[in-house]
Amino acid sequence: MAPQRRGPPRVPEGSRAAERRRTNSTKKDSLPREAQTPCLRTVALAVSLAVVMFLLWSSLQVEDDVAEVVARRGEVLEGRFIEVPCSEDYDGHRRFEGCTPRKCGRGVTDMVITREEAEQIRRIAEKGLSLGGSDGGASILDLHSGALSVGKHFVNLYRDIRQKVQLTIAKAFGISASLLYLTKPTFFSRINSTEAQTAHDEYWHAHVDKVTYGSFDYTSLLYLSDYLEDFGGGRFVFMEEGSNKTVEPRAGRISFFTSGSENLHRVEKVLWGTRYAITIAFTCNPDHGIEDPVLT
C-alpha cells in the first residue's frame with residue numbers, strides 16, 4: 001500500500017497558532033489592495049487633469065477661433081508675407097493696369113515705423129479722441145474730418161509715415177508706388193472693453209474692406225499699442241476655413257493686405273485696456289484719391 005501524505009497537523013480552532021495563521025492570511029490578501037490604492041488615485045487624478053485640460057483647450061479654441069499666429073507681439077519681424085489667390089471682387093470695379101491687384105496676400109513688418117514714431121502718433125490719437133468718440137467699445141476719428149487740431153508737427157509726421165507705408169505695399173505687391181493714391185477714410189481707432197451702444201460700435205464682425213468701402217484696393221494698419229501690455233483680446237484675425245491666421249498688435253507694427261474678400265477679417269473683442277491703431281488705405285483709382293490731411 002502506498003504511503004498516504006499527511007497535511008500539516010490540525011491546530012485546534014481556538015489556539016494561538018490558528019489565530020496567527022488567520023492574521024497572516026488576512027495580511028497577504030490585503031497587501032495587493034493596499035498597493036493598488038495609490039495607483040488608482042494617480043490614474044484618477046491623471047484622467048481628471050486630462051479632462052480639465054481638454055475642456056480648457058476646447059473653450060479657448062471656441063473663443064479664439066484661431067489656428068495659427070503669424071505675427072506674435074514679442075517678435076520683431078523684418079518682413080513676413082503670405083500670398084493668397086485673388087478674389088473676383090476687383091472684377092466689379094474699373095481695373096487699372098499695373099496697380100489693380102493681380103498678386104494678393106497679406107504682410108507684416110516691424111522695420112518700417114519705429115516705436116518712437118508710433119508713440120508720437122498715439123499721443124495725438126489720445127488727444128483727438130479725448131475730445132469726442134463713441135460711448136461704446138469702438139471710437140473712430142477720421143483724419144479728414146477737420147475735427148482735430150494738432151499743428152504742423154503731426155502733418156509732417158503723418159506724411160512721412162504714409163509714404164513709408166505706401167512704399168512697403170508697392171514693394172510687396174510688385175507695383176509702382178506712384179500708382180497708389182491715398183483714399184478715405186483714413187482714421188484713428190480706439191477700442192476698449194465698454195459695451196457697444198450702437199451697431200457702429202460692434203467692430204468684431206467679419207468684413208471685407210472692398211465691400212465696405214469700395215475705393216479700397218490695399219489696406220494697412222499701423223498699431224499704436226501692445227497686445228497683452230496695453231490691452232487684452234483685440235487681435236487681428238484673417239478668416240480662413242479651418243486655419244484662421246492672426247496678428248498680435250505691437251506698437252510700430254504694420255499689417256497690410258489686399259482689400260478684397262481673399263482677406264476677410266475681423267478684430268477680436270477687447271477684454272481689457274485700450275487698443276489704438278491707425279488705418280491707412282490706398283486706391284488705384286485717381287478719382288478716389290485724396291490729399292494728406294491738413295490739420296491746423
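The model is a predicted one. It holds 18 salt bridges, two disulfides and nine aromatic pairs, and a selection of these is set out below by topic.

**Salt bridges**

- Arginine 106 forms a salt bridge with glutamate 240, and the closest N and O atoms of this pair are 2.7 Å apart. Because arginine 106 lies in strand 3 (residues 104–109) while glutamate 240 lies in the loop between strand 8 (236–238) and strand 9 (245–247), the pair ties together parts that are 134 residues apart in sequence.
- Arginine 162 forms a salt bridge with aspartate 292, with 2.6 Å between the closest N and O atoms. This pair also links distant parts of the chain, since arginine 162 belongs to helix 3 (residues 152–173) and aspartate 292 to the segment after strand 12 (270–283), 130 residues apart. Arginine 162 and aspartate 292 are both buried.
- Aspartate 91 forms a salt bridge with arginine 95, where the closest N and O atoms are 3.3 Å apart. Aspartate 91 is exposed, with a relative accessible area of 54%, and arginine 95 counts as partly exposed at 32% relative accessibility.

**Disulfides**

- Cysteine 86 and cysteine 104 form a disulfide in which the sulfur atoms are 1.9 Å apart. The torsion about its S-S bond is about 105°, and the disulfide is therefore right-handed. Cysteine 86 is in the loop between strand 2 (80–84) and strand 3, and cysteine 104 is in strand 3 itself, so that the pair links parts of the chain 18 residues apart.
- Cysteine 86 is partly exposed, with a relative accessible area of 30%, while cysteine 104 is buried, with a relative accessible area of 1%.
- A disulfide also joins cysteine 99 to cysteine 284, with an S to S distance of 2.1 Å. Here the torsion about the S-S bond is about -80°, so this disulfide is left-handed. Cysteine 99 sits in the loop between strand 2 and strand 3, cysteine 284 in the segment after strand 12, and the two are 185 residues apart. Both cysteine 99 and cysteine 284 are buried.
- When the bonded cysteines of the protein are numbered in sequence order, the pairing reads 1-3, 2-4.

**Aromatic pairs and charges over rings**

- The search of the whole structure finds nine aromatic pairs. In one of them, the rings of phenylalanine 173 and phenylalanine 256 have their centres 6.2 Å apart and their planes at 80°, so the pair is edge-to-face. Phenylalanine 173 lies in helix 3 and phenylalanine 256 in strand 10, so that the pair links parts of the chain 83 residues apart.
- Phenylalanine 173 and phenylalanine 256 are both buried. Tyrosine 203 and tryptophan 204 likewise form an edge-to-face aromatic pair, at 5.2 Å centre to centre and with 80° between the planes.
- Tyrosine 203 is buried, with a relative accessible area of 15%, and tryptophan 204 is partly exposed, with a relative accessible area of 21%; the cut-off that separates the two classes is 20%.
- Phe81, Phe173, Tyr218 and Phe256 form one aromatic cluster.
- The charged end of arginine 106 sits over the ring of phenylalanine 238, 4.3 Å from the ring centre, and the charged end of lysine 269 sits over the ring of tryptophan 204, 4.4 Å from the ring centre.

**Two serines**

- Serine 193 is found in the loop between strand 5 (181–192) and helix 4 (209–213), where it counts as partly exposed at 42% relative accessibility. Serine 193 touches Val270, Leu271, Trp272 and Gly273, leaving aside residues up to four places away in sequence.
- The C-alpha atoms of serine 193 and alanine 138 are separated by 8.7 Å, although the two residues are 55 residues apart along the chain.
- Serine 255 lies in strand 10 (residues 254–258) and counts as buried, at 0% relative accessibility. Its contacts, again not counting residues up to four places away in sequence, are Gly107, Val108, Thr219, Ser220, Leu221, Tyr223, Phe238 and Val247.

Key. Residues numbered from 1 in each chain as written. Predicted model: local features only at pLDDT ≥ 70, side-chain atom pairs only at ≥ 80, totals over all residues. Heavy atoms only, no water. Salt bridge = Lys/Arg side-chain N within 4 Å of Asp/Glu carboxyl O. Buried < 20%, exposed > 50% of the residue type's maximum accessible area, 1.4 Å probe, protein only. Helix = DSSP H or I, 4+ residues; strand = E, 2+ residues; numbered from the N terminus. Contact = heavy atoms within 4.5 Å. Disulfide = S-S within 2.5 Å. Phe/Tyr/Trp six-rings, centres within 6.5 Å; stacked < 30°, edge-to-face > 60°. Lys NZ or Arg CZ within 6 Å of the ring centre and 35° of its normal.
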